[in-house]
Amino acid sequence: MRLDGKVAIITGGTFGIGESTVRLFAQEGAKVVIAARNEEKGAKLVNDIKAEGGEALFVKTDVSKEEDVENLVQKTVETYGKLDVMFANAGVGDMQDLHTCTIEEWNRTISVDLTGVFLCNKHAIQEMDKIGGGSIINCASILGHVGQVSVSAYAAAKGGVVNMTRAAAVTYANKNIRINAVCPGYIDTPILDSTPKEAIDQLVSMVPAKRLGRPEEVANCVLFLASDESSFVTGANLLVDGGYTAQ
């Protein structure tokens, strides 16, 4: 198993890409710590993992609050003795034009999508340094690389994640802490459940692969970056987008 004996935190772990990553990591031998705000979904996912013979812990977490992230990392280390992998995946979306976006909407998106990733990196690095290394994977987006109408705050946050990942990678490479990002394109997650079919069809038409991605396809890329198979990969931003940004 590719993560046998490793301890991994996955934030935003109760649905979509996060849930797929939790399940895959557990199948690959990791002790998984699920961080999210929904306690009911977290408890159910822990039960599912344990029923399949895995090990899992849920910690209620708002990644925009440093005390929550610090508590998350501390509980992980108290329970499992170390932290090997951090997948900073939690995020929120926005659909606001820049001139109509309120400061409250802007701050909420930045606090979760950028500050939350910073906090997860900060506290993971402190623990990984104690054990001689680890792997951090940040969830960015294709919108950290290209623009799209009416997502100014989200694009700003994800662009920040892309470059923060690069800077952190070169800072901590000599400590054997690898820091990379995945940049998903349009993925078929519950976020799209309320999106009209016409809008989804338009998104699909812009993707060279002519379909939405699946959460497990992103999870497989996260697994590679978490595993020792990517031991010489750091500072990368892996685009998982069906060719969208290659056009």
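Which residues have the most contacts inside the largest nonpolar core? In this predicted model, they are Ile-9, Met-86, Met-128, Ile-136 and Ile-179, within a core of 31 residues. Helix 4 provides the largest share of this core, with seven residues. At least two residues each are supplied by strand 1, strand 2, helix 3 (66–80), strand 4, helix 4, helix 5 (152–172) and strand 6. Apart from this core lies another, of 30 residues, including Phe-25, Phe-87, Cys-139 and Val-240.

With neighbours within four places in sequence left aside, the contacts of Met-128 are Leu-83, Asp-84, Val-85, Met-86, Gly-133, Gly-134, Ser-135, Ile-136 and Ile-177.

The sheet is open and consists of seven strands with parallel pairing, arranged in the order 3-2-1-4-5-6-7. Strand 3 (55–60) and strand 7 (237–240) are at the edges; each has a single partner strand, so one side of each lacks a neighbour in the sheet. On average, and with direction ignored, neighbouring strands are turned by 15 degrees against each other.

Six bridges join strand 5 (residues 134–139) to strand 6 (residues 177–184) in the parallel sense. Ile-137 has Asn-180 of strand 6 as its bridge partner. Helix 4 (residues 103–131) packs on the sheet, where it touches strand 1 (7–11), strand 4 (85–88), strand 5 and strand 6. The direction of helix 4 makes about 175 degrees with that of strand 5. Helix 2 (residues 39–51) lies across strand 2 (31–36) and strand 3, and runs at about 170 degrees to strand 3.

Terms used:
Residues are numbered from 1 along each chain as its sequence is written. This is a predicted model: local features need pLDDT of at least 70, side-chain atom pairs count only at pLDDT 80 or more; totals for chains, interfaces and linings use all residues. Side-chain values use heavy atoms; hydrogens and water are left out. Two strands pair if DSSP finds at least two bridges between them. Helices (H or I, at least four residues) and strands (E, at least two) are DSSP runs, numbered from the N terminus. Axes are lines fitted to C-alpha atoms, for helices over the stretch in contact, and angles run from 0 to 180 degrees between N-to-C directions. Contact means heavy atoms within 4.5 Å. A nonpolar core is a set of buried Ala, Val, Leu, Ile, Met, Phe, Trp, Tyr and Cys residues joined through side-chain atoms within 4.5 Å. Buried means under 20% relative accessible area, exposed over 50%, partly exposed in between (1.4 Å probe, protein chains only).
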